[in-house]
Amino acid sequence: MSERTGLGIVEIAILEAVETSRYVKCANALARVEERIGLAPGYAYEVLVDLARPWSMPVNLVRGQGNFGSRGIDPAANFRYTEARIARAGRVALAAERGEIAPVPIGLINGNTYREGLRPPFRPGAIIDATREVIKRPDVPDRELAGIVGPPCFMTGCVVTGDFAALSAGRRTELRLQAKVSVNGQGKVVLENIAPNIGIDDVVRIIASRASARRWADDHPGLHHRIQLPLAGIQDETQANPFGRIVCTPALGTSPEQLRDLLLDVRGVYTAMPVTLRQPLAALIKHWVRANIHEDLPASLAALEQAQSGD
Amino acid sequence: VLAAAVLAAEGVSFLLVGSAALWLRGEIVTVGDADAVIEPGDHNIRRLREAFSGVAIGRLPSMASFLDESMVPVMTGYGKVDCLLERGRQDWDRLRRGAGFLPVADVAVLVASSADAWDLRRRFKERENE
């Protein structure tokens, strides 16, 4: 992993391969990656797709054109049919890698939970603000720094709860990621901003299966009653919200508020995600600043901030 | 624990160990995933996989995984179930002798004895610390 950006060699090779102002065929970009680091296109494509998908990480380094898949079961189209170009944040990352500007903490912002790693993503502005604070006041108390960074921030906008103090201290803990569940004006229950570590199709399937009758329902009415969701219908309206939108109609005799409360207990509507950091969060930021303080960090942070807001 | 009750209602033969078993036995523990020792045998394994097919989140592990691997974790709409298959192949008869049925909702779930559940937990923790 690069000390200057936190990116891996595959990610850097991909950025170099798509470093162009217009979209290039992914097949051609992946051929360049293979030429440079010997990684077969099928493997590199998975990384490229992650770098481009808006729901995978806070700082997208690549822009994709074509079918890059959905949050459901649809994978991205084959690399012969998709195109990509570098994003502005990707240019900032490459400039930092080449020493043209000071390092940028992209790895710390993006984390690696999108590939089943344990490091969660954080809000880019929060990490940038915390880094600036350390530059200004190297002895800023750790707790204050953790407060500036705040909780992990997943791109789907799901509700995140858990022991943030343990995470900030560098201990392993488990986050609860929950979809936003509300009652709309038509008396239906709307699930939006589904957790990133579950497919939307899976959530629909799980809820639907909890509503269907079981063959053992007559033998075990108690269990059936406990797990049965009083649901008259379910509709996937994800096209209206790329981060997931599922609309549930309560069964006759059930209020939407009752159904909402029951849905909050369904695994899938919420998920668990194990997370940790290599070191306490404050130590990570302070070490990073100390190691790079001789460079113009404020300028590179400003460049990253600008790239994020303007891409 | 609900996941275990659903498996039992589906007719899968298993016995519960781990924190869920200890909790059902009245011990004060935090309940995590359901750890289920699965009775060996093709028929039961097939039934287990069928029981998961409607409730698993993500891709359902293959039949070969259930037959060959020592442990297969399955995330379901009721929580995670760790299927302890190798433990079943090795120790089913012994664990079954000490186990008893306990009610979860209105389903009788086979639960390992406290002594066996603690013993397995200790061995697992020791392995984890090695």
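Which side chains meet in a salt bridge at 3.7 Å, N to O? In this predicted model, they are those of A:Arg214 and B:Glu10. That pair belongs to a contact between chain B and chain A for which the count is two salt bridges. The briefing below takes the interface, then the cavity, a pocket and the salt bridges of the whole structure.

**Interface between chain B and chain A**

- The contact involves 19 residues of chain B and 19 residues of chain A.
- Putting the two chains together buries an area of about 1,600 Å², and carbon and sulfur atoms give 54% of that area.
- Nine residue pairs are in polar contact between chain B and chain A, with both residues at pLDDT 80 or more.
- On the side of chain B that touches chain A, the elements giving two or more residues are α1 (2-9) and β3 (71-76) of chain B.
- Of these, α1(B) provides the largest share, four residues.
- By class, this side of chain B consists of eleven nonpolar, six polar and two charged residues.

**Largest cavity**

- One cavity of 30 Å³ or more is found in the structure, and the largest cavity holds about 30 Å³ of space.
- The lining is made up of B:Ala3, B:Val6, B:Leu7, B:Ala51, B:Phe52, B:Val55, B:Thr76 and B:Tyr78.
- At least two lining residues come from each of α1 and α3 (42-53) of chain B.
- The element that gives the most to this lining is α1(B), with three residues; α1(B) also gives the largest share of the side of chain B that touches chain A.

**Second largest pocket**

- The second largest pocket contains about 840 Å³ of space.
- It is lined by 23 residues, of which B:Gly18, B:Asp35, B:Asp82, B:Phe124 and B:Lys125 are the closest to the pocket centre.
- Four elements of chain B each supply at least two lining residues: α2 (18-24), β4 (79-84), α5 (85-98) and α6 (114-129).
- With seven residues, α6(B) gives the most to the lining of this pocket.

**Salt bridges in the whole structure**

- Over all chains, the search finds 25 salt bridges.
- One of them joins A:Glu16 to A:Arg36, with the closest N and O atoms 2.3 Å apart.
- This pair links distant parts of the chain, 20 residues apart: A:Glu16 lies in helix α1 (residues 9-17) of chain A, and A:Arg36 lies in helix α2 (residues 26-37) of chain A.
- Between chain B and chain A the count is two, including the bridge of A:Arg214 with B:Glu10.

Conventions. Residues numbered from 1 in each chain as written. Chains lettered and ligands numbered in written order. Predicted model: local features only at pLDDT ≥ 70, side-chain atom pairs only at ≥ 80, totals over all residues. Heavy atoms only, no water. Contact = heavy atoms within 4.5 Å. Buried area = accessible area lost by both parts, 1.4 Å probe. Salt bridge = Lys/Arg side-chain N within 4 Å of Asp/Glu carboxyl O. Polar contact = N/O pair within 3.5 Å; in protein donor to acceptor, adjacent residues only side chain to side chain. Nonpolar A, V, L, I, M, F, W, Y, C, P; charged D, E, K, R; others polar. 1 Å grid on protein atoms, 1.4 Å probe; cavity = no way out; pocket = protein on both sides within 12 Å on 5 of 7 lines; lining within 4 Å. Points joined across faces, edges and corners; volume = space filled by probe spheres on them.
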